Amino acid sequence: MGRTLQNTMINLGLQNACDEAVYQLGLDMEELEEIEEDAGLGNGGLGRLAACFLDSMATLGLAAYGYGIRYEYGIFNQKIRDGWQVEEADDWLRHGNPWEKARPEYMLPVHFYGRVEHSASGAKWIDTQVVLALPYDTPVPGYMNNTVNTMRLWSARAPNDFNLRDFNVGDYIQAVLDRNLAENISRVLYPNDNFFEGKELRLKQEYFVVAATLQDIIRRFKASKFGSTDSVRTVFDSFPDQVAIQLNDTHPAMAIPELMRIFVDIEKLPWDKAWDITKRTFAYTNHTVLPEALERWPVDLVEKLLPRHLQIIYEINQRHLDHIASLFPNDVDRLRRMSLIEEGDTKRINMAHLCIVGSHAVNGVAKIHSEIVKTQVFEDFAELEPEKFQNKTNGITPRRWLLLCNPGLAELIAEKIGEDYVRDLSQLTKLHQFVDDDLFIREVAKVKQENKVKFALYLEKEYKVKINPSSMFDVHVKRIHEYKRQLMNCLHIITMYNRIRRDPAKLFVPRTVIIGGKAAPGYHMAKMIIKLINAVAQVVNNDPMVGSKLKVIFLENYRVSLAEKVIPATDLSEQISTAGTEASGTGNMKFMLNGALTIGTMDGANVEMAEEAGEENLFIFGMRVEDVTELDKKGYNAQLYYDRLPELKQAVDQIKSGFFSPKDPNLFNDVVNMLFHHDRFKVFADYEAYVKCQEKVSELYLNSKAWTKMVIRNIAAAGKFSSDRTIKEYARDIWHVEPSDLKIPPPNEPRDAGQDKTPNGTAA
């Protein structure tokens, strides 16, 4: 979520009033804002997307709740020591959190372990361990519409009789100390991005958020006029018309068997009725196609932790496979491929398959990604129910990612086309009329320059490095991962360095290359990549032959509040994943909206950015998905590129020989070995095209006016990438709710008696 103060002031229309009031108290608002800790309760783009969605849902007047876990420790703080990443705990609640309100009156029990007893009256899950879920509510204000939604985060608490109820003559002190075991559930965020780690505590977290949330939703449904009761039990027929649940990846997939357990075991609905309601309630968003990221939980672990849920999953699978067998008799391989259970050394539950079978809609997050989902990853399922599969291209909230972080540009745009674009970003197309307006061109360039100077000052203060604000700010910030190819950027840096040294007199367009991002603590290769970048920076930044022509900076502890500083100052945005690996990306959109040009592959939302702005207004290079597939068929041989490209050979040899690690020449052996022998992401295959494309970038940068005109064309084409547009599509195609433009009257004005506070329709 990042910081909340400034976002709240902007959405409430109070920023100027607050700035002024604080100034009159002799304080500086910006200094105050810097004191707030980031709420870093997720990893990379997935968690940030959820935050943007909450902002858009409130702005569109949807009755929506965001549910998650109130981690005591969020994503780790990254320190760089001697070029290595070191993790520190993110004690973000140390000074309290003024934005949250604990709601003990809504505390709910969550059960684990135990066993299942079957009887005439049905299944009973008994002898369980209970953990309490305590909700904390954070307000989510819409933009200037007096709507305030809720983000409800669950914290784990041990019940007061924890470890004391069972014939425990034992140690009272130990029993109280053991309360930590239960409360550890919400202690810390698992810091993996695009990687599955099958740990018991993680599965506990996933079920914890799901079980508490579903109880909360059902409580609210029963209390509403729709949960009409016939003295004995609630009629759930209208449930899917009143409730839509969007699964953000497979992490909350246990919600599907949990809702079935509630309907069948507790509410005593017949299976077929329960299953129909469940399917119509859930929809699933897929966020990655990397096989190592797909959740595959061991059956043994689920059986121990959630025995009843395993039985329900088996029943879902049995009926699912029976259906497939009836359509494709004797096709045993199809049954194996489509089963929710994977046979092997350890039997596993494929959570993506569970989500597809248990949902009425499945979507990818960019056109190209949704195609890959349909035709490759889940082709058997798409063949069965093609109408279930959709695309919803991701977006970003223009409130945080333009108004808040780039007020200079936001104001400049408002002067030209009015202020309405903040709620309807498609209006940015009106900027096309000013692409040849010399004054506007100069003003756009001036705002960018001011942002660069401000960020250069920040870097000087934080990193004690002097950088040249007129150099091109070439920025690559995102989680560190092999598929994102920070290594390819690194090879380009080394290539530029070698060119400067080879011919110091030759004209060179000065660059400041900024790379930032966190590596998962257990991801060895990603940590080596960080060390390599820092080792290269050490050499480049201290070579007198290079001077101020080339500077390399690794940005420590990249997070939302740092993104808000670096993105407005960026000239060149690096979006260089291997085609077919980045589901969408959202950083790409933030840079586009803030007046950076993009160098990128035809991957994720880059494809649609090029479609909107015209491919000639992005620096597109490298293999397309088809080329990657073709290369896989014939076999990728890294050695071929190394032998054919002298500059690539030179750069790799320098890494290999210890040019960048003289004290330990073998330091980067693992990296070099990977690049030659098991590089799944084919860095060498795109190196030549990348370097050539970078030469085009430098050439255009020399012509400031032509560069800025291209910037304006990009900003004018960024309207599609508002999360408001994304959420309108979810609302229309999946949730079946109508956004409302109605501004709720402020509390000091009387309301229309006839005006219904929540328009009819689903709560998402």
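View 1. At 0% relative accessibility, F239 is buried (under 20% relative accessible area, with exposed meaning over 50% and partly exposed in between; 1.4 Å probe, protein chains only). F221 is likewise buried, at a relative accessible area of 3%. Aromatic pairs are rings of Phe, Tyr and Trp (its six-membered ring) with centres within 6.5 Å, termed stacked with planes under 30 degrees apart, edge-to-face over 60 and tilted for the rest; the model holds 24 such pairs. One of them joins F221 and F239 edge-to-face, with 5.1 Å centre to centre and 80° between the planes. The two residues are 18 residues apart, F221 in helix α7 (residues 200-223) and F239 in helix α8 (residues 239-242); helices are DSSP runs of H or I, at least four residues, numbered from the N terminus.

**View 2. The cluster of F221, F236, F239 and F263**. Ring pairs link these four residues.

**View 3. The tilted pair of F434 and F440**. The ring centres of F434 and F440 are 5.8 Å apart and the planes meet at 55°, so the pair is tilted. Both residues are buried.

**View 4. Lysines over phenylalanine rings.** K452 sits over the face of F473, at 4.8 Å from the ring centre, and K518 over the face of F76, at 5.5 Å. A charge sits over a ring if NZ of Lys or CZ of Arg is within 6 Å of the ring centre and within 35 degrees of the ring normal.

**Notes.** The model is predicted: local features need pLDDT of at least 70 and side-chain atom pairs pLDDT 80 or more, whereas totals for chains, interfaces and linings use all residues. Residues are numbered from 1 along each chain as its sequence is written, and side-chain values use heavy atoms, leaving out hydrogens and water.
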